[in-house]
Amino acid sequence: MSGRTWEPTKRGAKELNRWLSKGATVYTIRNTALNIAPYEDAQLYASHTFDRRSLITGEWMTGHLSASGLLAQEGTVYEHPPARREIGTPGPQVAAPTEQQVLDKLRAGERAKADARR
């Protein structure tokens, strides 16, 4: 992946804050809980656009997060979008099991219960 990256350190926060300007977009990678969403991709990326400065600290803000807060919460920040799917796009289409597959699975479970009783 080409472009700059910023690590979640004090130095990374300073460099990111110096690099940012109004309307700049950066990207972070998020891991997916595959036990909750088994058909989802393991990693997705999110985009963050910085649109104002904090009145108190003077840091660039994206929503409620400052540049250093984004680094602390999300980890490494990338200048260009990673080669992954964006978090807001539809996931891969997975076909539902057929009626026969469901019946076979139920029967297999009943057989296992019967074998356990013997």
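## Surface patch and aromatic pairs

V102, L103 and L106 form a nonpolar surface patch of about 230 Å². Patch members have over 30% relative accessible area and no salt bridge, and nonpolar side chains (Val, Leu, Ile, Met, Phe, Trp, Tyr) are joined within 5 Å. A salt bridge is a side-chain nitrogen of Lys or Arg within 4 Å of a carboxyl oxygen of Asp or Glu. Areas follow the Shrake-Rupley method with a 1.4 Å probe.

The model is predicted: local features need pLDDT of at least 70 and side-chain atom pairs pLDDT 80 or more, while totals for chains, interfaces and linings use all residues. Residues are numbered from 1 along each chain, and side-chain values use heavy atoms, without hydrogens and water.

L103 belongs to helix 3 (residues 99-117); helices (H or I, at least four residues) and strands (E, at least two) are DSSP runs numbered from the N terminus. With a relative accessible area of 31%, L103 is partly exposed, the class between buried (under 20%) and exposed (over 50%).

There are two aromatic pairs. Rings of Phe, Tyr and Trp (its six-membered ring) pair if their centres lie within 6.5 Å; planes under 30 degrees apart are stacked, over 60 edge-to-face, and the rest tilted.

| Pair | Centre distance | Plane angle | Class |
|---|---|---|---|
| W6 and W19 | 4.9 Å | 45 degrees | tilted |
| Y27 and Y45 | 5.7 Å | 75 degrees | edge-to-face |

W6 lies in strand 1 (residues 5-6) and W19 in helix 1 (residues 10-19), so their pair links parts 13 residues apart in sequence. W6 is buried at 0% relative accessibility, whereas W19 is partly exposed at 27%. Y27 in strand 2 (residues 25-31) and Y45 in strand 3 (residues 43-49) tie together parts 18 residues apart in sequence; both tyrosines, Y27 and Y45, are buried.

Key
Patch = residues over 30% accessible without salt bridge, like charges linked within 9 Å, V, L, I, M, F, W, Y side chains within 5 Å. Buried < 20%, exposed > 50% of the residue type's maximum accessible area, 1.4 Å probe, protein only.
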